[in-house]
Amino acid sequence: MIDKIIKAYNEAVFETDKEAAFAVVYAAMAEGLSAEDIVFKVVIPAIEEMMANITRDPDANLAQHFMTAQIAAEVTEKMLEKFQQPPEMIGRVVIGTAAGDLHSLGKRIVMGCLKALMVDVVDLGVNVPPERFVDEALAREAQIIAVSAMMVHTATGENGARRVRQILRERGLEDRFRLVVGGAPYRFDNELYQSVGADGWAADGLSAGKMIVDMIRGMKREAV
Amino acid sequence: MPTGSSSITLTVHAESESIRLQVRAGESVRDVLDATEHRVRAACGGTGACGACVVRLLGGAVNPLTLAEYSKLPPEERAAGVRLACQLRLRGDAEIMLDHPAPPSCWMSIPAQDLAPAPAARPGLTRHIYGVAVDLGTTHIRVAFWDRKQGKRIATRRGPNPQASFGADVLNRLDAALNRAEHASELAMLARSAIVHAVRDILARDVGEVTPMLAEIGEVVVVGNTAMLALLAEHGGDALIDPANWQTPIDCAAPLHDAWHAQWFMPNARIVMPAPVAGFIGSDLLADIVATRLTEGPSGAMLIDVGTNTEIALWDGAQLQLTSAPGGPAFEGVGIRHGMVAETGAIFRVSALPLAESAALSFQFATIADEAARGFCGSGLTDAIAVLLRAGILKQSGRFAVTPGPEGYCLDPENPRTAITSSDVDAFQRAKASLAAAMATLLHRAGMTWADLTRLCICGAFGHQLDIENAQAVGFLPPIDPARIELFADASLAGCERALLDPEEAALFDQKRAQSRTLNLSLAEGYDDRYINYLRLRPLPTAL
């Protein structure tokens, strides 16, 4: 039965058909599948499949990324409400766009993916001052600070990721948090993330989800 | 190949190519050619006084020689079919040869059907009776030259904004101006030179006198988006790039009259730049509102000016709610493999031919000036996506049913410039979702839904060409009665002309600004969600 559901769900996601994806999920629950099984056996493998596809097909359609990430996030959110026990989250990320940058949509894809991968996401919104990234990461006990910047001057400027790194250093917090960045300027120059002091970056929103999850897992291993 | 509704066709042979143009009864051949890249030489306003606009008639139904032609053309030339283009009028299809075209120019006349009727006259004026209205767009500059006393439009021009050498979009130009002072002055100089070039082109070709006439110009009114105004005036650009100011008024400053007078050779011109509303809402939107009389009817009147920076206004009966949205450039061809602005050779309409038995699906195009298709303008792209969707070649997700490969799906297998690629579809989806979500969010914030829209005025990139049903089918325009959707070409210029000709209308700009309230979509609740929900290629949901 589960194979049939996975196939139908993947088809709906491939067609970016949210209504169809929910129909598959609700039909599966009616047949007795648990919300936990739907998330772990259907939704998450589908995202992982999608991420793998992106590396094979880098020109994949951005509109489709938005829609698939949204479907994954919405289905997961609905399923989490139905979990028997509060789910164990992988970790927590504070995310926002750099000061001076109002482009909110890039981080939407990342957030959608992270939520579907059972990562807790704190959205700080757009035009976020560097101090606030650090303050919120501390207050919310996050592992990752994610700064999105879509323009060269916000990606490389003094009030973006660069300043977040500086504050982490000044306050002696560099061991506690990893800093990741994303956005168009980092795609043009694949080494730019290092020069602004970030620990990681990804070329697209879906891959960013995977990079962040891997990074959190790495941090947890180091801590053990 | 089908074209517009007119039935008279003028075939023009020039050195490099031949084009076919649709002509309206009564229009002179010169007026027809002035709106194309094939201009005749000219040094008067089309009165037959200069005798420069010679063409050779090869055949067809035309008016007899006029007195002006008898006086300007020697008998042997008349016998050889030589005519003056300004005197030549078609009575049926005709064919001409352009032996001595004017040197190439980037300035063309705006087609008569895109212009608004003359709004007013100022018979009381005694001196400096001429005036210039300028719509300073990011991509195009539009200029109209007026006899204000008689309320008569003498000529218009449309040409590219030469600042494009610093970047197609507003932010790159602002960035350049902020980084280096000499870039700032170069950007300002480029725009100012372009405006005066357009005016000089009009004076040379449509009036016949340049410098003395420049001194007779009494007023120049310039509208544009805030960034263009700031770059023109070299003032306010630094405030613009800071998002904190996107919703607040930006002082683009009164022009430096002395410097501009000297540069323009217009010593008597009062230069007027109505103030923009906010960092991301320019005076061009105010001009649109004035031109469409948006606030003069019932509430629920919306206006969207699709351009490089798309601006939207909603009249709720008491206030003007204004915003701007990204997403316009795709409709001007930016980011579309074979995208282009609405110029000669642009596909502006696409339809599928009825499927004959056993025949493959084929498509029909209309191109501007009926030339071989060079690419798609905004309306052609919208049609193409709608037609491919209806034929099942495209799916609602934006994927092709059968992947067409990197070269894309060719609507005309013989012409690679009719191809639509996967990434074109993607760019189109994001553009239309952005604009639809912006309209919906503005409406929602005013407590209305699509059903409350009494008017939807579409201005900007599409001109008169957008197929409304197709735009609704792909989820760009909302699902309302198409009779409520109105298409306007060059509305900003029309509003600017009103300000030039009527001092009360000029005061209207201030009144509209005072009535307005701005919304920054990046901070608006619900915009992102709607954007994602509207990405699919299907009609927009009726509920917001």
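## Exercises on a predicted two-chain model

Thr344(B) lies in the loop between β13 and β14 (346–352) of chain B. The model is predicted, so local features need pLDDT of at least 70 and side-chain atom pairs count only at pLDDT 80 or more, while totals for chains, interfaces and linings use all residues. Residues are numbered from 1 along each chain as its sequence is written, chains are lettered from A in the order in which they are written, and side-chain values use heavy atoms, without hydrogens and water.

**Exercise 1.** Decide whether Thr344(B) is buried or exposed, and list what Thr344(B) touches.

*Solution.* 
- Helices (H or I, at least four residues) and strands (E, at least two) are DSSP runs, numbered from the N terminus.
- Take the accessibility. Thr344(B) has 11% relative accessibility, so Thr344(B) counts as buried. Buried means under 20% relative accessible area, exposed over 50%, partly exposed in between (1.4 Å probe, protein chains only).
- List the contacts (heavy atoms within 4.5 Å). Leaving out residues up to four places away in sequence, Thr344(B) touches Glu37(B), Ile368(B), Ala369(B), Glu371(B) and Arg374(B).

**Exercise 2.** Examine phi at Ala369(B) and at Asp370(B).

*Solution.* 
- Recall the background. Most residues other than glycine have a negative phi.
- Read the angles. Ala369(B) is not a glycine, yet has a positive phi of about 65°. Asp370(B), also not a glycine, has a positive phi of about 60°.
- Place the residues. Ala369(B) lies in the loop between β15 (363–367) and β16 (375–376) of chain B. Asp370(B) is found in the loop between β15 and β16 of chain B.
- Check burial. Ala369(B) is buried, with a relative accessible area of 16%. Asp370(B) counts as buried at 13% relative accessibility.

**Exercise 3.** Work out the strand order of the open sheet of six strands in chain B, and name its edge strands.

*Solution.* 
- Apply the pairing rule. Two strands pair if DSSP finds at least two bridges between them.
- Write the order: β20-β19-β11-β12-β13-β21 (chain B), with mixed pairing.
- Find the edges. β20 (485–487) and β21 (516–519) of chain B each pair on one side only.
- Look at one pair. Strands β12 (residues 310–315) and β13 (residues 320–325) of chain B run antiparallel and are joined by six bridges. Thr310(B) stands opposite Ala325(B) in β13(B).
- Helix α12 (residues 422–445) of chain B lies across β11 (301–306), β12, β13, β19 (455–460) and β21 of chain B. The helix runs at about 25° to β12(B). Axes are lines fitted to C-alpha atoms, for helices over the stretch in contact, and angles run from 0 to 180 degrees between N-to-C directions.

**Exercise 4.** Classify the ring pairs Phe22(A)–Tyr26(A) and Phe331(B)–Phe476(B).

*Solution.* 
- State the criteria. Rings of Phe, Tyr and Trp (its six-membered ring) pair if their centres lie within 6.5 Å; planes under 30 degrees apart count as stacked, over 60 as edge-to-face and the rest as tilted.
- Count the pairs. The whole structure holds 13 aromatic pairs over all chains.
- Classify the pair in chain A. Phe22(A) and Tyr26(A) have ring centres 5.8 Å apart and planes at 25°, so the pair is stacked. Both residues lie in helix α2 (residues 18–30) of chain A, four residues apart, about one turn of the helix. Phe22(A) is buried at 14%, whereas Tyr26(A) is partly exposed at 36%.
- Classify the pair in chain B. Phe331(B) and Phe476(B) are stacked, with 5.1 Å centre to centre and 20° between the planes. This pair links distant parts of the chain, 145 residues apart. Phe331(B) is in the loop between β13 and β14 of chain B, and Phe476(B) in the loop between α13 (468–473) and β20 of chain B. Phe331(B) is buried at 2%, and Phe476(B) is buried at 0%.
- Ring pairs link Phe331(B), Phe428(B), Phe462(B) and Phe476(B) into a cluster.
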